[in-house]
Amino acid sequence: MKIAIHQPNYLPWIGFFDKLDQVDRFVLLDKAQFSKGNFINRNKIKSPQGSLFLTVPIKNKLKPINELVIDHQKKWQVQHWKSIEANYKKAPFWSLYHKGFEQIYLQKWDLLAPFNITLIKHICSLLSISTDIFVESDFGIDFGSNNTRNVNIVSHLGGTIYVSGTGAKAYNQPNEYTNNGIELIYQDFKHPFYSQRYGDFESNLSIIDLLFNCGPESINIIRMQRN
């Protein structure tokens, strides 16, 4: 059984869903500590002027992800949705997908994690990804910290293979996985090219850029780079 683990990012990029699609079970690490500069509360879309960051304002960043409170002093939901609409309403598959996203943005979200997780699960349904998704805090278990935490989560779920991002090579300790009967492998992600609006192709954007531009073919585009 293949397992992967990742923080619940905001409107994640294509590589996030590529890894999610490769495994049997995927754990959203919502008890991890927030760290500045990551993509927990922000991501990029494409505009005529280039990439555009959408950032969800949060009140206290010195917290685990599942305790991050959204700052509603700014009308960020309206601003984000207007930006998405302005840049994708003329995309080929806007009419197919926009209502589902709009309904999520119209809801009141006090905490960041449930908002991100709802978006992730909605995107999985659009991509027809059937991987079982778990949320770390739902287990009610202290899995430890750092590399031990991932090993314990994979063992708890009966995993035999852990699919890691290549960025984790710097801190992964392969012996910990081997000693627990787990094979450690790395995601070999190659960013696909696809039809995109506004000039030259730009990579590493939110998955919604692919969805609004390529529609139901999106999942095939993601999987094609693995063949």
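Analyst: A polar contact is a pair of N or O atoms within 3.5 Å; within protein, one must be able to donate a hydrogen and the other to accept it, and residues adjacent in sequence count only if both atoms are side-chain atoms. In this predicted model, local features need pLDDT of at least 70, side-chain atom pairs count only at pLDDT 80 or more, and totals for chains, interfaces and linings use all residues. Residues are numbered from 1 along each chain as its sequence is written, and side-chain values use heavy atoms, without hydrogens and water. Here a polar side-chain atom of Thr 131 lies 2.8 Å from the backbone oxygen of Leu 20.

User: Is Thr 131 buried or exposed?

Analyst: Buried means under 20% relative accessible area, exposed over 50%, and partly exposed in between (1.4 Å probe, protein chains only). Thr 131 has a relative accessible area of 13%, so the residue is buried. Thr 131 sits in the loop between helix 4 and strand 5; helices (H or I, at least four residues) and strands (E, at least two) are DSSP runs, numbered from the N terminus.

User: Which order do the strands of the open sheet have?

Analyst: Two strands pair if DSSP finds at least two bridges between them. The five strands are arranged 5-2-1-6-7, with parallel pairing. Strand 5 (132-135) and strand 7 (183-186) are at the edges with a single partner strand each, so one side of each has no neighbour in the sheet. Strand 2 (residues 25-28) pairs with strand 5 over four bridges, and Phe 26 stands opposite Ile 133.
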